[in-house]
Amino acid sequence: MVDLFVDRVLVKNNKDRDELDTEREIAMSLQNRILMLFFASAARDRCQPFALTLTDVFKRLTDEFYVDRSAQLALLYISLDESEEQQESFLKELPKKCLFLAYEDPYRRELEAMFNVEELPTVVVLRPDCSVLVPNAVEEILRLGPDCYRNWQEAAELVDRNFMISEDFEGKSMRSFTDPLRRLKYKVEDGKKQEKKRGRWGEGGEAEVDGGEGGGGGGGGSW
């Protein structure tokens, strides 16, 4: 994977815009990972809504609040925007862990030609050896969400037995101490709905029943 970006500068989509400009830094970010090359432009109608979906999927696969261990997955935005301002605006929709090439880097267009990108958005999925796993995974991501990673992982013969998305924890008797936090964030919307219901019932109602579940003030948890 490193060979594809040798002598290139990758930029982190964080506040400080940290640059990865050495082979060692790039290797640490990309080696032994499945890489998604995300080709898009803010000027194309489909790109903006898909970016939101891709961001959600990527976070659920790599954010410690959603998973026991991050997927061996990297995301690199290849901007085909018409201006640097457009690129900067689009990057705000993407995860902080996402990498990108600077707007002035001509390698963006070389990658476009290298992977025969004919429509936007396009997500080229690469194995750790840089071979193409999926020429365009956009429809697969829209259809399967985070489950697409399992297909890629198997096809790439990438072994990571410790990777578990949050649904895998349901029904498990042994959970890590951070699991309640992950499940809370993963189901935050459901939690808000339940809170509203308890608020309507008032004190002494369902909220007290929930608090006493398991028999006696929360002493019999299964964590």
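I began with Asp-63, which counts as buried because its relative accessibility is 15%; buried means under 20% relative accessible area, exposed over 50% and partly exposed in between, with a 1.4 Å probe and protein chains only. This is a predicted model, where local features need pLDDT of at least 70 and side-chain atom pairs count only at pLDDT 80 or more, while totals for chains, interfaces and linings use all residues. Residues are numbered from 1 along each chain as its sequence is written, and side-chain values use heavy atoms, with hydrogens and water left out.

I placed Asp-63 in the loop between helix 2 (47-62) and strand 4 (73-79). Helices (H or I, at least four residues) and strands (E, at least two) are DSSP runs, numbered from the N terminus. I then looked at the side chain of Asp-63: one of its polar atoms lies 2.9 Å from the backbone nitrogen of Phe-65.

Next I checked strand 4. It is largely enclosed by the rest of the structure, because 7 of its 7 residues are buried. I listed both faces as covered: Leu-73, Leu-75, Tyr-77 and Ser-79 are buried on one side, and Ala-74, Leu-76 and Ile-78 on the other.

I looked up the pairing of strand 4, where two strands pair if DSSP finds at least two bridges between them. Strand 3 (residues 34-40) pairs with strand 4 in the parallel sense over 7 bridges. Tyr-77 in strand 4 is the bridge partner of Phe-38. From strand 3 the chain passes through helix 2 to strand 4 in a right-handed β-α-β crossover; right-handed means that, with the strands pointing away from the viewer, the path from the first strand over the helix to the second runs clockwise.

Strand 4 also pairs with strand 5 (residues 99-101), in the parallel sense over 2 bridges. I noted Leu-99 in strand 5 as the bridge partner of Leu-76.

How values were computed: A polar contact is a pair of N or O atoms within 3.5 Å; within protein, one must be able to donate a hydrogen and the other to accept it, and residues adjacent in sequence count only if both atoms are side-chain atoms.
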